[in-house]
Amino acid sequence: MNRKILDYIKVTLASATFILLFTLYLLIYDSTHFLGFEESDDKTIYDKLFNRLYFTVTTLSSTGYGDTTAKSKEMKINSMILQFILIVGVMGGLFFSIKY
């Protein structure tokens, strides 16, 4: 297989792994740390997992719909970490595209 394709696969797997791990990390925070998630939105573990995945993906993709935002200082710090990783990822992607 072409080295470039293998590198893209590695980057994709690493990104998916990071998103999953950060989503799992956010499970320790209850709905009081978010604006837009009520206690009733987190009834089951699946609902909670889905809400944290949604928050992670919208923050990491820089979409930022505004329907769910960080409320507590802890969540604001987590959001900044995600945004920092996005910036580093974009810059790395730029370097990666120039390299090939």
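**Charges, rings and core of a predicted chain**

Q: How far apart are the mean positions of the 10 positive and 9 negative charges of the chain?
A: The model is predicted, so local features need a pLDDT of at least 70, side-chain atom pairs count only at pLDDT 80 or more, and totals for chains, interfaces and linings use all residues. Residues are numbered from 1 along each chain as its sequence is written, and side-chain values use heavy atoms, with hydrogens and water left out. Lys and Arg count as positive and Asp and Glu as negative, while His and the chain ends are not counted, and the place of a charge is taken as NZ of Lys, CZ of Arg, CG of Asp or CD of Glu. For the 10 positive and 9 negative charges of the chain, the separation of the mean positions is 13 Å.

Q: In what order do the elements of the chain run from the N terminus on?
A: Helices (H or I, at least four residues) and strands (E, at least two) are DSSP runs, numbered from the N terminus. The chain holds 3 helices and 2 strands, and from the N terminus on the order is α-β-α-β-α.

Q: What percentage of the 100 residues of the chain counts as buried?
A: A residue is buried under 20% relative accessible area, exposed over 50% and partly exposed in between, with a 1.4 Å probe and protein chains only. The accessible surface, from the Shrake-Rupley method with a 1.4 Å probe, comes to about 7,000 Å² for the chain, of which 68% belongs to carbon and sulfur atoms. The buried part of the 100 residues is 27%.

Q: What kind of aromatic pair do phenylalanine 22 and tyrosine 25 form?
A: Rings of Phe, Tyr and Trp (its six-membered ring) pair if their centres lie within 6.5 Å, and planes under 30 degrees apart count as stacked, over 60 as edge-to-face and the rest as tilted. The structure holds 5 aromatic pairs. In the pair of phenylalanine 22 and tyrosine 25 the ring centres are 5.5 Å apart and the planes stand at 65°, so the pair is edge-to-face.

Q: How does tyrosine 25 count by its relative accessibility?
A: Phenylalanine 22 and tyrosine 25 are 3 residues apart in helix H1 (residues 3-26), and therefore about one helical turn separates them. Phenylalanine 22 counts as buried because its relative accessibility is 10%. Tyrosine 25, at 35% relative accessibility, counts as partly exposed.

Q: What is the angle between the planes of phenylalanine 34 and phenylalanine 55?
A: Phenylalanine 34 and phenylalanine 55 form an aromatic pair that is edge-to-face, with 5.1 Å centre to centre. The angle between their planes is 80°.

Q: How many residues apart are phenylalanine 34 and phenylalanine 55?
A: Phenylalanine 34 is in strand E1 (residues 34-35), whereas phenylalanine 55 is in helix H2 (residues 45-60). Both residues are buried, and their pair links distant parts of the chain, the separation being 21 residues.

Q: Which residues does serine 79 contact, leaving aside neighbours within four places in sequence?
A: Serine 79 is found in helix H3 and counts as buried at 9% relative accessibility. Contact means heavy atoms within 4.5 Å. Leaving aside neighbours within four places in sequence, serine 79 is in contact with Phe55, Thr59 and Ala70.

Q: What distance separates the C-alpha atoms of phenylalanine 55 and threonine 23?
A: Phenylalanine 55 is buried, with a relative accessible area of 2%, and beyond four places in sequence its contacts include Leu26, Thr69 and Ser79. Phenylalanine 55 and threonine 23 are 32 residues apart along the chain, and the distance between their C-alpha atoms is 8.3 Å.
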